Amino acid sequence: MAKIREPLAHDQIESHNGKLLDAVQQDYEALGRTLARRNIDIEAVKHRVTGFSVAIPSWGLTTGGTRFGRFPIPGEPTNLHERLTDCAVVQQLCRITPKVSTHFPWDTTDDYAALREEAAALGLGFDAVNSNTFQDQPGQKATYKFGSLSSTDPKAREQAVAHNIDCIEIGKKLGADALSVWVGDGTNFPGQQSFRDSLDRYMESARKIYAALPDGWRMLTEHKLYEPAFYSTVISDWGINMTVANELGPKAQCLVDLGHHAPNVNIEQIVAMLNRVGKLGGFHFNDSKYGDDDLDAGAINPHRLFLIFNELVEAELGNPKAFHPAYMIDESHNLTDPIESMLAAAEAIAGAFARALLVDRAELKAARDRNDVMVAFSSLRRAYNVDVSPILAMARVEAGGSAEPIAMYRSSGWRERKAKDRKMAVVESGII
Ligand SMILES: [Mn+2]
């Protein structure tokens, strides 16, 4: 295999790590002793963290925005190649984001074989491809104003189906094996559409996409409570999403975006239930305080992220062979450097996973069986309270990454250098 072209100087990372290694080692050993008293092998936990992987979305490397505005930063990527390079920076530092999730038409290029090679040279591969039928593209024949896969206009439905099948074809060239489908279809007024007929039309379209899936591929459908539609959304929640996946067939599974639920919904229970019926397809990680779906994973409610991973670890233990959820970070960064937010999110996600691995499953099960509520609760809380950062740091360093990714990134001067050789992003209206 050809040598990987790393965007940051490897020596710089090594020397930055060099100053921190003693402290990392000492913290790791101290935590190892604490965990050993609980019969937990820290090396085994670190091994699982090293094998963990969460994809980053190509569109998440530029500053996002809200409906009200967007504030680009100097040096942010303005084309696919620059976005890919920034993905490689994230991967080089944190070592758990080796795959990029693409979005079409935003990532359209004329040579996907070359794009795949370009990514491989940066040490990256491709994860699920994402279709886009929530906005009209220049020159397209039918409008999605009143819906795409569920539109009352057969031409809009046909066009949306064809676009999704195009995405599958692109994904095949990129080495992806899943298509993620989110539609903004829905209504703003009571009476605007029949709930039932809308879902029937969606299903008719979705079956045509499903029929085009190659062997070994999955179709991941994503529910969202509201926005852009504000009265009703065709695939609004996990119940409808599960119905869709059940009706489509075994290659269809549900995608859970953490920001796509009503506030305070018990997402960890949804995870357990979707897993029970074999329909847990994957995750879009982010966080949310009110009704958004764009804040950094774990920024608002790290405990919920832990509880979700607790269910994921249980799900995997229950049926390891059938457990292969697609994980992706799905955030929009309005205020921070997107690379820093991706690094922070990767750390929060891997940290929630590591904590979930620390739960004493035997103790938990026994406590549940005898209705010992406090012990059951405490077995989760004890794991959540552990500061797992030494495990994450050690895993990164051993994999060639950085002991302190954000500090290292800042000292590398990457963004300042890119501000000189990349053109400034055009200020435009925000994306959601
Ligand atoms: Mn999403």
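Which residues of helix α15 (residues 414–421) are buried? Select Trp414, Arg415 and Lys418: these are the buried ones, where buried requires 20 or more other C-beta atoms, placed from the backbone, within 10 Å of a residue's own, and exposed 12 or fewer. They sit on the same side of α15, because they cover an arc of only 85° around the axis. The arc is taken over directions from the helix axis to the C-beta atoms. Now pick Glu416, Arg417 and Lys420, the exposed residues on the face turned away from that buried side. Among the elements covering the buried residues are α3 (80–94) and α14 (405–412), with contact set at C-beta atoms within 7 Å.

A note before moving on: this is a predicted model, where local features need pLDDT of at least 70 and side-chain atom pairs pLDDT 80 or more, while totals for chains, interfaces and linings use all residues. Residues are numbered from 1 along each chain as its sequence is written.

Next, select α7 (residues 238–248) and colour its buried residues, Trp238, Asn241, Met242, Val244 and Ala245. Down the axis of α7 they fall within an arc of 155°, so they line one face of the helix. Their cover includes α6 (195–211), β6 (218–222), β8 (252–257) and α8 (267–276). Helices here are DSSP runs (H or I, at least four residues), as are strands (E, at least two), numbered from the N terminus.

Last stop: show Asn17, Val24, Asp27, Tyr28 and Leu31 in α1, which meet Pro390, Ile391, Ala393, Met394 and Val397 in α13.

Terms used:
Two residues are in contact if their C-beta atoms, placed from the backbone, lie within 7 Å.
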